[in-house]
Amino acid sequence: MGAKTFDRGVGVVIALLAGGAAALLLFVVAVGEPAAGDTPSQGLLLGLWSVLYDLAAPTPRIILGAVALAFLFAAGITLLERRTSSKARRSLNPRTTPLSAGIVMAKTRGVFAGPVTVTVLVPAYNEEASISATLTSLLAQSHRPERVVVVADNCTDGTVDIARSLGVEVFESHENRFKKAGALNQILKILLPGQGDNDLVMVLDADTTLDDGFLAAAVQRFTSDRALMAVGGLFYGEEGAGVLGQFQRNEYIRYSRDIRRRRGHVFVLTGTASLFRPVALRTVADSRGDTIPGTSGDVYDTAALTEDNELTIALKSLGALIISPSECTVVTEVMPTLRALWVQRLRWQRGALENIGAYGVSPSTFRYWAQQLGLGYSVIALSAFLLLVLVTLLAIDSWVWFPFWLGLGIVFIAERVVSVWTGGTRARLLAFSLIPELLFDVFLDLVYVKGIVDITLGRQAQWGDIIRSSPNDDLQRAA
């Protein structure tokens, strides 16, 4: 099967596997003998309201079986992921895993590469609304970068002038047709040949602000671990955008919490802010077209919609050790409208599917396949739940409360509240209300389904740039 065919077929594979798992569960439930149900009992709530309730619940065998199956899948994925990481770190194969800890440590043993330095690349396309805040947060770091370069890609606004007024370098891309990835490839081909092993390269989005201490923590990690190839940031959403913005902030808080619980073992090196050893980026460029997809000599695969996700998979495939420490946090933009959010998430979802399609099934990509299957199954589960609620509402005259399921619902709500606790009162209240976040999940599920359909039908993917107005534009409109 050719690469193009598999790229398109990945959506069908994910849909069939997720649907097959749901069908199997439905079959298991259907073949069982239904238990004879008791007539719902009637009681008074607080001595005022008459309510119907039913104590029916799944049998202990079904409950224990479901719990055991969930633990089995979770443990299996975790063990395989750890085995893959451990094998990659110990590998001494210079062709397939040239960035493994074993090879890197052997090459650098007894070699002093000089003090750690940081060169920051800030890719920007018409970012005059945010570039000033980004550069200010960068230049105010306790560990100040040695060099800052704004990579201006076909900018037609005041981005370049603002950058130069703040005293940083500006590199303007030349005839670039490949968006952010193409612009970064141009500057990296100039920069990387002169970089030593300890001359770190950071890529920082122009709509992101670094929390104080980010660079100091990252540099400390690289200094103490010669095998470490990349450090990513944990991101949080900026304030604003009303309830829609809070949905996204809650989502980002939960993601960062998960990475902390994994002790920094990251799924994706976020494009918002990540640092790399030059040897890692050079090795990726040299390996493209051979052991990993892409064009030889390019650090970023210009065919990828989500260049940060693709670069993460590339580094992992080459055996690189990467982390996202809890001390390295950034604040990034949230989408202000549903349309903008739809465009952003569709690009993320489509890009993730294309990435695993390009790399195929391997130990390094198994986790990503499992994530997509989990998303597919969750789409089916949530849709079935909402459909069941609707059918129940239409089929009965009086609502019947089920204490068992209410108890599970309370546990579910508690988990959602606890998981966003650090986000403050608004985050907790939104999580506690439950229904709005479920509707937000439905929105994300529709994006997932759209991504599956588009990639299967071979529809042209769109980048979907979101240009935000600058403060000066807002003032002019208000005048």
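Modeller: By the rule applied here, in which a side-chain nitrogen of Lys or Arg lies within 4 Å of a carboxyl oxygen of Asp or Glu, the count comes to 16 salt bridges. The model is a predicted one, so local features need pLDDT of at least 70 and side-chain atom pairs count only at pLDDT 80 or more, whereas totals for chains, interfaces and linings use all residues. Residues are numbered from 1 along each chain as its sequence is written, and side-chain values use heavy atoms, with hydrogens and water left out.

One of the salt bridges joins E251 to R345, with 2.8 Å between the closest N and O atoms. Since E251 belongs to helix α8 and R345 to helix α11 (residues 338-359), this pair ties together parts that are 94 residues apart in sequence; helices here are DSSP runs of H or I with at least four residues, strands are runs of E with at least two, and numbering starts at the N terminus. R345 counts as buried because its relative accessibility is 6%, the term meaning under 20% relative accessible area, with exposed meaning over 50% and partly exposed lying in between (1.4 Å probe, protein chains only). E251 is partly exposed, because its relative accessible area is 25%.

Q248 is found in helix α8 (residues 242-261) and is buried, because its relative accessible area is 0%. With its neighbours within four places in sequence left aside, Q248 is in contact (heavy atoms within 4.5 Å) with V334, M335, L341 and R345.

A further salt bridge brings together the side chains of E310 and R288, at 2.8 Å from N to O. This pair links distant parts of the chain, 22 residues apart: E310 is in helix α10 (residues 307-317), and R288 is in the loop between α9 (278-287) and α10. E310 counts as buried because its relative accessibility is 1%, and R288 counts as buried because its relative accessibility is 1%.

In the salt bridge between R416 and D441, the closest N and O atoms are 3.8 Å apart. R416 lies in helix α13 (residues 403-419) and D441 in helix α15 (residues 435-457), so parts that are 25 residues apart in sequence are tied together by the pair. R416 is buried because its relative accessibility is 10%, while D441 is partly exposed because its value is 21%.

The loop between α14 (425-433) and α15 holds L434. Phi of L434 is near 65°, a positive value in a residue other than glycine. L434 counts as buried because its relative accessibility is 15%. K179, likewise not a glycine, has a positive phi of about 55°. K179 lies in helix α6 (residues 179-191) and is partly exposed because its relative accessible area is 35%.

As for covalent links between cysteines, a search of the whole structure finds 0 disulfides, a disulfide being a pair of cysteine sulfur atoms within 2.5 Å. C155 is partly exposed because its relative accessibility is 21%, whereas C328 is buried because its relative accessibility is 0%.

The surface also carries a nonpolar patch. Y53, L55, L393, I396, W399, W401 and L406 form it, with about 680 Å² of accessible area together. Patches are made of residues with over 30% relative accessible area and no salt bridge, like charges being joined within 9 Å and nonpolar side chains (Val, Leu, Ile, Met, Phe, Trp, Tyr) within 5 Å; areas come from the Shrake-Rupley method with a 1.4 Å probe, and for residues only the protein chains shown count as cover. I396 is found in the loop between α12 (366-395) and β13 (400-401), and is partly exposed because its relative accessible area is 33%.

The wider fold may be described as follows. The protein chain has 16 helices and 13 strands. Its radius of gyration (over C-alpha atoms) is 25 Å, close to the 23 Å that the globule rule (2.2 Å times the number of residues to the power 0.38) gives for 479 residues, so the chain is as compact as a globular protein of that length. Of the 479 residues, 44% count as buried. Among contacts with a separation of 6 or more, 76% are between residues 24 or more positions apart.
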